[in-house]
Amino acid sequence: MKFSSLVSRLDGSKGKWELHLRVREMAAAGEDVIELTLGEPDVEVPEELKESAIAAIRRGRTKYAAEQGEPQLLEALAEHYTARVGRPIAPENVLCFPGTQTALFAAMMTLADAGDEVLVGDPMYATYEAVIRSTGATMVPVKLKPENGFRMRACDIAPCISARSRVILLTTPHNPSGSILTRSDIAEIANLAARHDLWIVSDEVYADLIFEGQTFVSPLEFDAVRDRVVVVSSISKSHAAPGFRSGWSIGSKEFVQASVLLCDTMLFGNQPFIADMTVDAIRMGSSVVAGMRQRYSARAQRLERALGNGKTMLDVYRPQAGMFALVDVRRTGLSGKEFARELLDECGVATMPGSSFGASLDGFIRICLTAKDDAFDEALRRIVRFCDTISPQLYGAAGA
């Protein structure tokens, strides 16, 4: 059978989730496993949002929706971003989607074409490569350095720019590292984008999960790129509502007018009852996000205390935000994929190999911070025991 070239460009992307799929099968079979793979919030959708969606269904909000998004949701998001970025954002700057992933896909399909180049930090979220390839564009990895906290910087981007460059894809807060771009970082990237006539697409789905003492900044705040920035986000993380698939993009009026043409062919509008629920979510704020911030930050600290500071052969990079932490396993003599597979096989703890997020993380694993406290702490004990079984000769050889 013959399929489109698009399918061929996406081939292999599923392999990144191999261990996650395997641990789900093991759990379904009744095996004693702890899942630290997927960024699933550790609380249920707030009851008030469930009731909002149910009430909207009962009101008959189940017909076709407006192509750009329901007017009341466009207005709520415009008000929200006006307050957040300190400059006017109008409903004409908002486009609604089923989740951040769809918003990102549509943004890339709107901005990039075959022969173009999209610059993205390595490491990156696991779906980015496939999203970029789907457009026919070439992904240009920009290595994010551990010594700089895995922050994407203009000085790292500049050497990668060519005549074919069209888009810089940012993630702040970053997945998988949990780093946050500073105001200075973004100002320099914005000036670079303006000089080279580049778009900036900013994935900000973790913007409300900033840990204490940290500050979030969006490129939407910078005049130099105000008409060339597209922000994508959703209520999936902030409101613990990933299954509702309610997201959006924020961009110039011209971007929205161009992208809505794609939405007509792909979506033909979203679900009105979910739009009504999202209006309530945006206007009321999240009743669960403060608790998630506190718990994820506390778990990151416990992770560092248990595994870092010379207690094992592992080096922990404490995140500034989000749901994940990176752990360097290179001193064990194992690759990240080898470490993750053996940890699952021998101890029943599932983590994500760093290589799922880019070539620069071959010697890392990503640990999710959303497991309940008892399970998370048990996973840490199992990881410590696993490290104790690794030959000290390997430790000496790797650290020599």
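Helix α4 passes helix α10 in a left-handed crossing, a term used when the near helix is turned anticlockwise from the far one by less than a right angle, right-handed being the clockwise case. The contact, which means heavy atoms within 4.5 Å, is made by Q72, L73, E75, A76, L77, E79 and H80 of α4 and by A275, D276, T278, V279, I282 and R283 of α10. These residues divide into 6 nonpolar, 3 polar and 4 charged, where Ala, Val, Leu, Ile, Met, Phe, Trp, Tyr, Cys and Pro count as nonpolar, Asp, Glu, Lys and Arg as charged, and the others, Gly among them, as polar. The axes of α4 and α10 come within 9 Å and cross at roughly 20°, and the two helices are therefore roughly parallel to each other (angles under 35 degrees count as roughly parallel, over 145 as roughly antiparallel, 65 to 115 as roughly perpendicular and the rest as oblique).

This is a predicted model, in which local features need pLDDT of at least 70 and side-chain atom pairs count only at pLDDT 80 or more, while totals for chains, interfaces and linings use all residues. Residues are numbered from 1 along each chain as its sequence is written, and side-chain values use heavy atoms, with hydrogens and water left out.

Helix α10 itself covers residues 272-284, and its 13 residues reach 18 Å from the first C-alpha to the last, close to the 18 Å expected at 1.5 Å a residue (the expected span is 1.5 Å times one less than the number of residues). Its buried residues are P272, I274, A275, D276, M277, T278, V279, A281 and I282, buried meaning under 20% relative accessible area, exposed over 50% and partly exposed in between, with a 1.4 Å probe and protein chains only. These buried residues pack against α3 (47-58), α4 (71-85) and β8 (247-250). After α10 comes G285, whose phi is positive, near 80°.

Helix α11 passes α13 in a right-handed crossing.

Two aspartates can be set side by side. D185 lies in helix α8 (residues 183-195) and counts as buried because its relative accessibility is 5%. D345, in helix α12 (residues 336-347), counts as exposed because its relative accessibility is 51%.

Methods. Helix = DSSP H or I, 4+ residues; strand = E, 2+ residues; numbered from the N terminus. Axes fitted to C-alpha atoms, helices over the stretch in contact; angles between N-to-C directions.
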